[in-house]
Amino acid sequence: MAIHSTAVVSPRAHLAADVEVGPYAVIEDEVVIGPGCEIAAHAVIKRYTTLGQRNRVFEHATIGGEPQDVKFKGERSRLEIGDDNLIRESVTIHRATGEDLVTRVGSGNFLMIGVHIAHNCQVGDHCVFANNTALAGYILAEDHVFLSNEVGVHQFVRLGRYSMVGAKAKIVQDVLPFLITDGNPSRVRGLNSVGLRRAGFSCEARLNLKRACHLLMRSMLPLEEALRGMEGIADENVRHLVTFVRGSQRGFTREPRLRVTSLSAVNGADVDATPDQLCA
């Protein structure tokens, strides 16, 4: 175990044999740090925090601090972080409010400089949160969410998988999976086509999502009728989108309001595109 002489490591912390701890780092009581982790200079790992394997915590990050929540009364709660995460400089992640409750961050995430994840958030795997992005309490982020720099997310919002949010966006309603959301007020800007293609989604899968989004956003159908139409598309990702919409408690971000003169103008010609045309 490579622990710098100036680091302060509690004898009640449990560190794997190969953990590296840099100068002036602080690791408090009842912390568990798994194999292959690196804790850089001046980083602080607060009590009741568990780190899995091969996580890198950079300088001045504070992990597992008490929640910024007036309801918090000093109860025992936890922060649990998975494997292979990059947690860059000055990131803050808070443990939960509520006895025995948990803030969770999954595996393979990239949290850039100054990211804040508040109490009781549940972050999935392979997410990218760019510089100074801030998540308020009780947010659910599914897998493969991309938040550009300085995005602010309201408490209790859900961020759908493979969604992308543009820089400095203000997010106060659920962000739909597979779509790009941007602006203040935030609006849907279209399918996250580049991200889905890079993630290995087939042409047919992307076309099905495009058709589903046209039904949801541009068909001018009542929401329930649009959802029933989406359910007729035989695609697991479309089914996930339908389930996500039905589960929304805060409402979800939509497209900008458009003035149209005909239903065909709303629907758009590319709805009937073939997979070959979509991938051209």
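User: What makes the 11 strands a sheet, and in which order do they stand?

Analyst: Two strands pair if DSSP finds at least two bridges between them. By that rule, 11 strands form an open sheet, ordered E1-E4-E7-E10-E13-E16-E19-E22-E25-E27-E28, with mixed pairing. Strands (E, at least two residues) and helices (H or I, at least four) are DSSP runs, numbered from the N terminus. This is a predicted model: local features need pLDDT of at least 70, side-chain atom pairs count only at pLDDT 80 or more, and totals for chains, interfaces and linings use all residues. Residues are numbered from 1 along each chain as its sequence is written, and side-chain values use heavy atoms, with hydrogens and water left out.

User: Why do E1 and E28 stand at the edges?

Analyst: Strand E1 (2-3) and strand E28 (187-191) each have a single partner strand, so one side of each is left without a neighbour in the sheet.

User: How do you know that E16 pairs with E19?

Analyst: Count the bridges. Strand E16 (residues 110-111) and strand E19 (residues 128-129) are joined by 2 bridges and run parallel. The rule asks for at least two, so they pair. Leu-111 stands opposite Phe-129 in E19.

User: What does H2 touch on the sheet?

Analyst: H2 packs against strand E27 (179-182) and E28. Contact means heavy atoms within 4.5 Å. The direction of H2 makes about 150° with that of E28.

User: Why is H2 called roughly antiparallel to H3?

Analyst: Helix H2 (residues 203-218) and helix H3 (residues 223-231) pack at about 170°, with axes 9 Å apart. Axes are lines fitted to C-alpha atoms, for helices over the stretch in contact, and angles run from 0 to 180 degrees between N-to-C directions. Under 35 degrees counts as roughly parallel, over 145 as roughly antiparallel, 65 to 115 as roughly perpendicular, and the rest as oblique. So H2 is roughly antiparallel to H3.

User: Which residues of H2 and H3 meet?

Analyst: Ala-212, Leu-215 and Leu-216 in H2 meet Leu-223, Ala-226, Leu-227, Gly-229 and Met-230 in H3.

User: Why is Arg-104 called partly exposed?

Analyst: Arg-104 lies in strand E15 (residues 102-105). Its relative accessible area is 40%. Buried means under 20%, exposed over 50%, partly exposed in between (1.4 Å probe, protein chains only). So Arg-104 is partly exposed.

User: Which residues of H4 are buried?

Analyst: In helix H4 (residues 236-246), Asn-237, Val-238, His-240, Leu-241, Val-242, Phe-244 and Val-245 are buried. Their cover includes strand E24 (158-159), H2 and H3.
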